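Thanks for coming. I have one structure to go through today, so please have it open on your screens.

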Amino acid sequence: MRKIKLTAAALLALALSIGMAACSSGSSDDSDKKSGDASSMPEKKLEESQQDIVTRLAGEMEDKELANNEIVWFSFYDINPTASADKDIGVDLALFQTKYNGKIIYRQTTWETKFDDLANAILSGDSPDFIGADDMDVFPKGAIKSMIEPMDDYVDFDSELWSPMKSANDQFMYKGGHYVAVSRVDPSYIWIYNKNVMEENGFEDPAELYYNGEWNWDKLSEMCIEFTDEEADKWAMDGWYYENALTESSGKPLVGMEDGKIVNNINTPELAKAQNMMYELQKNNVVYPKHLHEWKVRGDVFGTGIASGETLFYPIGLWAIEDAPSTTAPYGDLSAGEVMFVPVPCAKDSDNMYVPSRVHGFCIAKGAKNPEGVAAWLDCTRYAEIDEAAHQITLDQYKNDYGWTDEMLEMRDEIYARAAEHPVFEFAQGVSSDLSNLTDSIIKNSMNPAESYTWTSTVAENEKALDYLIKEAQEKTEE
């Protein structure tokens, strides 16, 4: 979710988007808690019919005896929905509760200090049990720095439950062990738009273009150039993610992992093609000029301008609209069918529909007290994904609680299916902060509204530095 250093407002929007409270409001005996831990028993429950599905699924799962049914979650957000977070309880958590009487204890950190705080906890002998891998910033450095442990003693990646995700999990191996348990592959970004605005401007619906095989870079560029009107303060795109999204839709990440090796793709023709397209697009000044507004998005709130017709597209993660109506209002009225989205467009002649992707997964912390409990939780996350009725609970929650239309749900499943087929993972953030800072600059140069650079000049200026940082990280993995 975060390819750049976010503003405080962006972090707040992010926290709201995934329904995490900064601190759980449940209560339990404080004398039993570690410092910084918060009681995490969710105050929200599934509807009775939904709970029946979870109970049935729990009965079908393999039985595991747990000596300890509490696991400590370390993050800047809480997995548990509480009274202070307007979010539903997930099927995975409901299943963990039902099958194991499981409880997730939230130990809070911050986005900025999470790795330092984790290292200090490990050194003091007070390790949490598990951390998240969704931000693509924990691997391989977490394995190299001994902050996470191999999971193969606790998770059978060749089992019927986990084997469908084996190809994804195998990309997160270090010295023969799996360090991330990937429950599913998620699209990193989507292209959000308001259908009323599209119609008012005489544009074809991008969803129809997609299903007709006509949603591509050429069509995007055409619509962006036609819509933009600087004098009217109308800009085709806003946000922080369009450069990363368009780059990865080429089919190549800037930094990849192949056979356990960190790979530099800066000289690939795929990246050159994407970046040259982006350069031509930026020459038409189609992006909201954040550099003239203290490097903030319009209104300093994600989605601002979409419902009002001042912004045509908002490239961002699905999390932005997987939330309560009060949060998604800048995009329009979801329940009225105003808001829609499509995948990131690819080149017109692309051989596949490549989807910029990340993982929904978890890591066992070094020195975890209850790795067996984490493994039980991980099984719950997989069962929640593969059971059709359990999946429908999630869709029903989106529709009934967040106002999603059937058209949105259909497109969501479509994008997830494409992500599973042809995901593109960018690994720079998981290698080092120096590397991710460099790659962030490289990727954004071509669409920098303050001063754009040609891809040729960007490669010439940065290739050696990129090679050096990758070589440095690769040598550490080989020690």
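This is a predicted model: local features need pLDDT of at least 70, side-chain atom pairs count only at pLDDT 80 or more; totals for chains, interfaces and linings use all residues.

Start with helix H2, residues 48-60, and helix H14, residues 388-402. Their axes lie 9 Å apart, and the packing angle is about 155 degrees. Angles over 145 degrees count as roughly antiparallel, and H2 and H14 are therefore roughly antiparallel to each other. The crossing of H2 past H14 is left-handed.

Which residues make the contact between H2 and H14? On the H2 side, they are Gln50, Ile53, Val54, Arg56 and Leu57. On the H14 side, they are Ala389, Ala390, Ile393, Asp396 and Gln397. Sorted by class, this contact has six nonpolar residues, two polar ones and two charged ones.

Now the aromatic rings. A pair of rings is described by how far apart the centres are and by the angle between the planes. The count for this model is 27 aromatic pairs. One of them is Tyr210 with Tyr211: the ring centres are 5.3 Å apart and the planes stand at 65 degrees, so this pair is edge-to-face; the cut-off for that label is over 60 degrees.

Are these two tyrosines buried or exposed? Tyr210 has 11% relative accessibility and counts as buried. Tyr211 has 39% and counts as partly exposed.

Last, please find the aromatic cluster on your screens. Trp73, Phe76, Tyr77, Phe96, Tyr100, Trp111, Phe130, Phe362 and Trp377 form one cluster.

That is what I have.

Technical notes:
Residues are numbered from 1 along each chain as its sequence is written. Side-chain values use heavy atoms; hydrogens and water are left out. Axes are lines fitted to C-alpha atoms, for helices over the stretch in contact, and angles run from 0 to 180 degrees between N-to-C directions. Helices (H or I, at least four residues) and strands (E, at least two) are DSSP runs, numbered from the N terminus. Angles under 35 degrees count as roughly parallel, over 145 as roughly antiparallel, 65 to 115 as roughly perpendicular and the rest as oblique. A crossing is left-handed if the near helix is turned anticlockwise from the far one by less than a right angle, and right-handed if clockwise. Contact means heavy atoms within 4.5 Å. Ala, Val, Leu, Ile, Met, Phe, Trp, Tyr, Cys and Pro count as nonpolar, Asp, Glu, Lys and Arg as charged, and the others, Gly among them, as polar. Rings of Phe, Tyr and Trp (its six-membered ring) pair if their centres lie within 6.5 Å; planes under 30 degrees apart count as stacked, over 60 as edge-to-face and the rest as tilted. Buried means under 20% relative accessible area, exposed over 50%, partly exposed in between (1.4 Å probe, protein chains only).
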